[in-house]
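Please open the model in a viewer and keep the selection tool at hand. The stops below proceed from one selection to the next.

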Amino acid sequence: MKIKTAIAFLISIVFMVVGCTKTVKTTPPVTKTTTPTGPIVIPDPLPNTVDKTDTLKVMAYNVLNYGNLCQGSTATLNGYFRTIIQYAQPDLLSCEKMTAFPVTSTSSDNLAAVITDSVLNAVSNGRYAYATPTDLSGGSNMSVLFYNKQKLTFVKTETLYLYLTDFDLYKLYYNDPNLAITHDTTYLYVVLNHTQSGTPSTTRDMQVSTYMGDLRAKFAYFPNLINMGDFNTANSYEAGYQSIITSTDSTKRMSDPPFYPDKTVKYPAEWEDNATAYASELTTSTRALSTVPNSCGTNGGAKSWYDHIFISPWLVKGSNYISYIPNSYATIGNDGKRIGVDINSTSPQVNTSAPAAVINALFQFSNKYPVSIKLLIKANRNAYSIADPTEKN
């Protein structure tokens, strides 16, 4: 009896070992990512979806009271602007300091329509449109967002803050080729800036700090978000600049790409008092003299860095289908040799950072250098994305 019991026991052990060595069925491989709440699993691509990547070129440009005739006729300026756009090919373009115009007008005084029709679409076979602008503050100038409608669709404009001008938040989404299958939309938000210039920085500090507070109250964490334009900042110490890049919540800190993630320059930064250290990033001014080519705008050559494009943590990390392309930040037309001289000066050397016609157009069109970045967009193939934060009113 004991022998039978022992044999039965041995047989059960053998079965247990054999059972444990069987191949275990597994689910298909998955890719893991991280959200503010921890790791999650991304499903496999859906049938009939396509694998595609795209590049989104973003450009911010102070257009020096375009439309007020100070620099000449709009038709003349449009010729220079077409040359710049043909070269830069932006998919997302902000124009700051446009002369204020009736936003509902359908006549020639709608300057957003003039730029769309006579500049952007004149060189692109009708690819561009403009997002709904506002002028609720009744300011003398305004900012307008233009976009490549083949790549992006405009959703809405929301005014964040009114003080001397409107600070608007624009919502768009990427025209993903798989959207009809996944029904999962990749959104992109953009804030435009033209802050108060001059010394002290009190007014612009209040402007930026206020709407950044509103943004942080609006979103539990920042989505795919760009904050760009002319900030008029003299250094990184200013409270307005600090309100963008600092926060007790790391998901709500924005990055200035040359500082991070590119790390080509370092904080703390004094670009107005130490222009040489930031020669390639300087955006003010393209002109050395106050009378050439006209008496509009500032002079002194490249001397400060007022224009920036800030990006959210999602864009830095590529958390949700859109990511900043490292080292793509550029000050268009600035070869790093322009301190105190014209953009098209032959001294200390000829500016070959762009074709001669573009360099001349930048000199004629505005006293500011435009700044740009590139974003990489991946098509959504699996009907999954990290949830965009709920927009609070």
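**The disulfide**

Begin by selecting Cys70 and Cys296: the torsion about their S-S bond is about -105°, so the disulfide is left-handed. Cys70 sits in the loop between β3 (53-66) and α2 (74-88), and Cys296 in the loop between α6 (239-245) and β11 (307-311), so the bridge ties together parts that are 226 residues apart in sequence. Helices (H or I, at least four residues) and strands (E, at least two) are DSSP runs, numbered from the N terminus.

The model is predicted: local features need pLDDT of at least 70, side-chain atom pairs count only at pLDDT 80 or more, and totals for chains, interfaces and linings use all residues. Residues are numbered from 1 along each chain as its sequence is written, and side-chain values use heavy atoms, with hydrogens and water left out.

The S to S distance between Cys70 and Cys296 is 1.7 Å; a disulfide is defined here as a pair of cysteine sulfur atoms within 2.5 Å. The structure holds one disulfide. Are its two cysteines buried or exposed? Cys70 is partly exposed, at 41% relative accessibility, whereas Cys296 is buried, at 6%. Buried means under 20% relative accessible area, exposed over 50%, and partly exposed in between (1.4 Å probe, protein chains only).

**Helices α2 and α3**

Next, select α2 and helix α3 (residues 111-120), which pack at an angle of about 60° with their axes 9 Å apart. The axes are lines fitted to C-alpha atoms, for helices over the stretch in contact, and angles run from 0 to 180 degrees between N-to-C directions. To see the contact (heavy atoms within 4.5 Å), display Thr74, Asn78, Phe81, Arg82 and Ile85 of α2 with Val114, Ile115, Ser118, Val119 and Leu120 of α3.

**Cis peptide bonds**

Move to Thr199 and Pro200, which are joined by a cis peptide bond with omega about 5°. Pro200 lies in the loop between β9 (187-194) and α5 (202-218). Then select Thr284 and Ser285, where the peptide bond is also cis, with omega near 10°. Ser285 belongs to the loop between α6 and β11.

**Positive phi**

Most residues other than glycine have a negative phi, and most peptide bonds are trans. Select Asn232, whose phi is near 60°, in the loop between β10 (225-230) and α6. Asn232 is buried, with a relative accessible area of 6%.

Finish at Asn327, with a positive phi of about 60°, in the loop between β12 (322-324) and β13 (330-331). Asn327 is exposed, at 54% relative accessible area.
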